[in-house]
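Open the model in your viewer and keep the selection panel at hand. The stops follow below.

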Amino acid sequence: MYLPVPSQPDCFSAWLEAVRLVDAEPGHHAHNVIIDVQDPTARASMSDPAVAAVSQFLADHDKKPVETVANTIFPAGLYTRYGAPAFFDRFRDDVLPKVRRSEDWSGYYFERMMHLPQVEGDPINQLWEIVGRLRNPNVRALNKFELSIFDAARDLNDSPYGGQCLSFASLKLVGKPDARRLTMTAFYRNHFYIEKLLGNLIGLGRLLKFLAVEGGVEMGSLTIVSTHAEIDMAKWGRHDFLELVQICDQANAEHAVAV
């Protein structure tokens with residue numbers, strides 16, 4: 001079974017359409033929801049009134065705002081300030097000591113992307129390895145850019161909840177040789193569409209742009225496969241959810257007029 005969401009031009013439109021479709025499913029949840037965003041950096045900041053409205057809704061309900069969720073995937077502020085590869089060290093030395101919950105999980109997917117432990121030897125910076133292969137003219141494979149987040153050594157336990165939800169991402173080079181575009185498909189084992197999805201879309205879009213820019217290629221589309229998705233209304237209630245949709249519709253209309 002699967003639930004395809006029609007391809008959308010930007011992050012906010014993809015979030016809103018996915019929310020509508022999953023909400024219409026029995027029990028307000030679905031399996032194998034497929035979301036495609038043509039430009040994952042469009043409508044992806046607090047300057048967009050619709051994105052800001054979702055973020056304010058989350059903050060009002062004591063949940064992490066959109067930017068905080070996005071930063072767990074890619075710390076855009078650090079990258080802008082320090083550049084690559086210096087920002088990896090700044091994240092390791094300045095951010096991780098403040099946010100680490102345990103040795104197994106800091107809550108930041110970015111940590112696992114840039115610091116994947118090995119049984120022997122130094123941890124692997126998967127992101128910088130991908131950039132290196134994108135830059136290397138001797139690497140001709142177009143499908144050899146994989147990014148692991150799930151770690152069986154740390155994540156297989158008896159906990160009934162919690163832990164990583166983003167499990168894996170696969171990147172591909174598509175298009176003509178003189179105009180390669182880097183695309184990403186990300187897989188979630190479980191996905192809260194109100195609390196997390198918009199921030200996830202924005203964070204993954206920023207990550208994809210970073211890899212494309214540093215790798216010297218154009219950025220392509222972002223696809224997300226939520227193997228289980230739910231409209232997480234139990235955390236606030238149906239009335240609040242419908243109010244959020246109404247707020248987003250109004251903000252979306254204002255955006256359309258402004259454009």
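This is a predicted model: local features need pLDDT of at least 70, side-chain atom pairs count only at pLDDT 80 or more; totals for chains, interfaces and linings use all residues.

**Stop one: a helix pair**

Select helix H7 (residues 126-135) together with H9: their axes come within 8 Å and cross at roughly 40°. Axes here are lines fitted to C-alpha atoms, for helices over the stretch in contact, with angles from 0 to 180 degrees between N-to-C directions.

Residues are numbered from 1 along each chain as its sequence is written, and side-chain values use heavy atoms, without hydrogens and water.

Now show side chains. Leu127, Trp128, Ile130, Val131, Leu134 and Arg135 in H7 meet Leu207, Phe210, Leu211, Glu214 and Gly215 in H9; contact means heavy atoms within 4.5 Å.

Select residues 197-215. The 19 residues of H9 should span 27 Å at 1.5 Å a residue, and the end C-alpha atoms, 26 Å apart, agree. The expected span is 1.5 Å times one less than the number of residues. Of the 19 residues, 17 are buried (under 20% relative accessible area; exposed is over 50%, partly exposed in between; 1.4 Å probe, protein chains only). Step on to Gly216, which follows H9: its phi is positive, near 80°.

**Stop three: Ser148**

Pick Ser148 in strand S3 (residues 145-148). Ser148 is partly exposed, at 27% relative accessible area.

Key: Helices (H or I, at least four residues) and strands (E, at least two) are DSSP runs, numbered from the N terminus.
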